[in-house]
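Let's take a friendly walk through a protein structure together. Keep the picture beside you and find each residue as we come to it.

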Amino acid sequence: MRRWPVDHRRRGRRRLSSWIWFLLGSFSVAGLVLFIVQHYHHQQDPSQLLLERDTRTEMVSPPHLNFTEEVTSASSFSRQLAEQMTLAKAYVFIAKEHNNLHLAWELSSKIRSCQLLLSKAAMRGQPISFDEAKPIITGLSALIYKAQDAHYDIATTMMTMKSHIQALEERANAATVQTTIFGQLVAEALPKSLHCLTIKLTSDWVTEPSRHELADENRNSPRLVDNNLYHFCIFSDNVIATSVVVNSTVSNADHPKQLVFHIVTNRVSYKAMQAWFLSNDFKGSAIEIRSVEEFSWLNASYSPVVKQLLDTDARAYYFGEQTSQDTISEPKVRNPKYLSLLNHLRFYIPEIYPQLEKIVFLDDDVVVQKDLTPLFSLDLHGNVNGAVETCLEAFHRYYKYLNFSNPLISSKFDPQACGWAFGMNVFDLIAWRNANVTARYHYWQDQNRERTLWKLGTLPPGLLSFYGLTEPLDRRWHVLGLGYDVNIDNRLIETAAVIHYNGNMKPWLKLAIGRYKPFWLKFLNSSHPYLQDCVTA
């Protein structure tokens with residue numbers, strides 16, 4: 001494919017315009033201007049723009065055209081049309097800016113014709129022919145040169161394009177923030193079916209006093225403090241999610257009767273949680289349900305995080321209507337889970353279970369696929385926390401979570417240190433008490449009263465509190481990303497002991513990633529009449 005010779009009368013104008021676009025490329029502009037720079041450098045005279053093709057190539061159409069490859073191919077009319085269309089869109093902005101509405105209308109009309117032809121080619125699965133492309137490319141090229149003749153002033157063109165691109169970038173950033181906020185609201189919202197289930201279960205608890213006696217028996221079971229058994233803790237207000245975690249754990253355990261689950265929820269979900277776990281069989285494992293409100297010692301005078309959660313300024317920061325740059329740039333701070341005390345209980349495990357020596361912490365958005373009891377025999381080499389490291393990617397290192405411009409952070413921590421994952425952690429509670437990790441956590445929460453060390457979440461204070469006390473586990477123990485990453489290798493998922501739906505696309509939501517949802521549904525007791533009634537309703 002070759003272009004017709006260049007008209008040398010236009011070379012001077014082309015060089016001037018190429019310089020304009022080269023300067024524009026230095027304004028931190030995204031793809032549009034960079035494309036224009038490259039394209040404009042090769043722009044031809046409209047009467048000499050079209051390329052000749054070998055007729056034998058034109059006669060052969062691939063049976064299944066890959067239109068993406070066609071548009072990116074250097075020898076296709078589709079790519080030439082796409083490039084001309086992009087350049088024409090830039091000149092529509094400039095023409096409107098100079099009130100040349102007729103030229104803007106002509107360019108827009110040709111752009112629509114170009115879009116229509118590209119759409120037809122994609123639908124029929126055949127490349128665009130020379131005869132189809134010729135009138136559009138010729139007409140569009142003529143209009144582009146007309147726009148160049150009318151608006152060749154360097155300073156004007158630069159400023160016009162810069163202002164329009166900045167406006168587009170601002171709109172794109174605003175849309176990104178809105179998308180993040182809406183996604184988090186959806187992720188934290190309780191679907192109607194689960195709300196229905198909670199109501200039915202709460203009604204059962206209230207109308208059947210016999211269950212209260214059974215719950216009291218469970219809470220007084222000696223198994224709850226037997227260190228010869230395998231203890232797991234889950235802190236959640238989501239009945240179904242917690243049920244899947246427990247069910248998947250016992251289903252894959254070699255000896256489920258040796259498992260003990262310690263579940264802490266809030267006052268609202270406590271009755272529903274009790275009713276569900278008392279009415280379902282979990283292969284003889286022991287299950288304890290408690291409410292976070294029972295822990296009277298966990299108050300503002302003892303815990304800095306409780307004090308912060310009750311602080312009006314902190315609540316305004318998380319839920320207020322600020323329009324400050326901090327709030328705009330960090331939309332995740334509006335996530336309600338950061339104001340839930342359940343989210344912070346992981347730092348008080350030794351105090352919640354003072355008689356236990358070792359425990360495995362599980363988030364409510366995980367699914368267990370292997371027997372987890374070997375975790376209890378792992379040698380943590382004197383460390384407190386056994387966790388899977390996440391630093392294969394640079395953004396999971398300490399400097400991405402913490403403010404290293406603050407000397408309090410930079411003087412004590414390595415910015416390149418590996419981050420690790422909360423969600424499946426084995427804790428040596430004896431080592432925890434000896435290292436006084438909870439006091440470390442309180443210290444860092446006190447230091448972060450003004451949110452100058454980190455912005456949000458439980459992972460940053462965890463990285464600080466367990467620094468030097470974390471034992472890296474084999475990555476197959478804990479595979480993350482099923483709540484946001486659509487490209488996780490199935491082989492990695494199949495070999496994982498625990499898969500984690502961290503992210504907004506939770507498996508109990510409609511926005512869940514489809515190919516990962518069956519792993520979660522496999523352990524959902526979908527035959528339960530309440531679940532069937534609520535889903536149908």
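Cys233 has a relative accessible area of 0%, so it is buried, since anything under 20% falls in that class. This is a predicted model, and the values here are computed from it. Cys114 is another cysteine to find: its relative accessibility is 0% as well, so it also counts as buried.

Now for cysteines that are bonded. How many disulfides does the structure hold? There are two. If you number the bonded cysteines in sequence order, the pairing reads 1-4, 2-3.

Take Cys196 and Cys534, whose sulfur atoms are 2.1 Å apart in a disulfide. This bond links distant parts of the chain: Cys196 belongs to helix α9 (residues 192–207), Cys534 belongs to helix α23 (residues 529–536), and 338 residues separate them. The torsion about their S-S bond is about -70 degrees, so this disulfide is left-handed. Both Cys196 and Cys534 are buried.

The other disulfide joins Cys391 to Cys418, with 1.9 Å from S to S. Here the two cysteines sit in loops: Cys391 in the one between β8 (385–387) and α17, and Cys418 in the one between α17 and β9 (424–428), 27 residues apart. With 60 degrees about the S-S bond, the link of Cys391 and Cys418 is right-handed. Are these cysteines buried or partly exposed? Cys391 is buried because its relative accessible area is 13%, while Cys418, at 22%, counts as partly exposed. The cut-off for buried is under 20%.

The loop between α17 and β9 also holds Phe422, which is 61 residues from its partner Phe361 in strand β6 (residues 358–362). The structure holds 26 aromatic pairs, and Phe361 and Phe422 form one that is edge-to-face, with 6.3 Å centre to centre and 75 degrees between the planes. Phe361 has 1% relative accessibility, so it counts as buried. Phe422, at 8%, counts as buried too.

Next, look for helix α19, residues 437–447, where Val437, Thr438, Tyr441, His442, Trp444 and Gln445 are buried. Why do these residues lie on the same side of α19? They cover an arc of only 170 degrees around the axis, and that puts them on the same side. What do the buried residues of α19 pack against? Their neighbours are α13 (304–310), α16 (349–352), α17 (407–410), α18 (429–435) and α20 (459–465).

Leaving out residues up to four places away in sequence, Tyr467 touches Tyr398, Lys412, Phe413, Asp414, Ala417 and Arg440. Tyr467 and Val384 are 83 residues apart in sequence, yet their C-alpha atoms are 9.9 Å apart in space.

Our last stop is Glu471, in strand β10 (residues 470–472). Glu471 is buried yet has no salt bridge. Which side chain of opposite charge is nearest to Glu471? It is Lys358, 11 Å away. Among the residues that Glu471 touches, beyond those up to four places away in sequence, are Asp379, Leu380, His381 and Asn383.

Technical notes:
Residues numbered from 1 in each chain as written. Predicted model: local features only at pLDDT ≥ 70, side-chain atom pairs only at ≥ 80, totals over all residues. Heavy atoms only, no water. Buried < 20%, exposed > 50% of the residue type's maximum accessible area, 1.4 Å probe, protein only. Helix = DSSP H or I, 4+ residues; strand = E, 2+ residues; numbered from the N terminus. Arc of directions from axis to C-beta. Contact = heavy atoms within 4.5 Å. Lys, Arg positive; Asp, Glu negative; His and termini not counted. Salt bridge = Lys/Arg side-chain N within 4 Å of Asp/Glu carboxyl O. Disulfide = S-S within 2.5 Å. Phe/Tyr/Trp six-rings, centres within 6.5 Å; stacked < 30°, edge-to-face > 60°.
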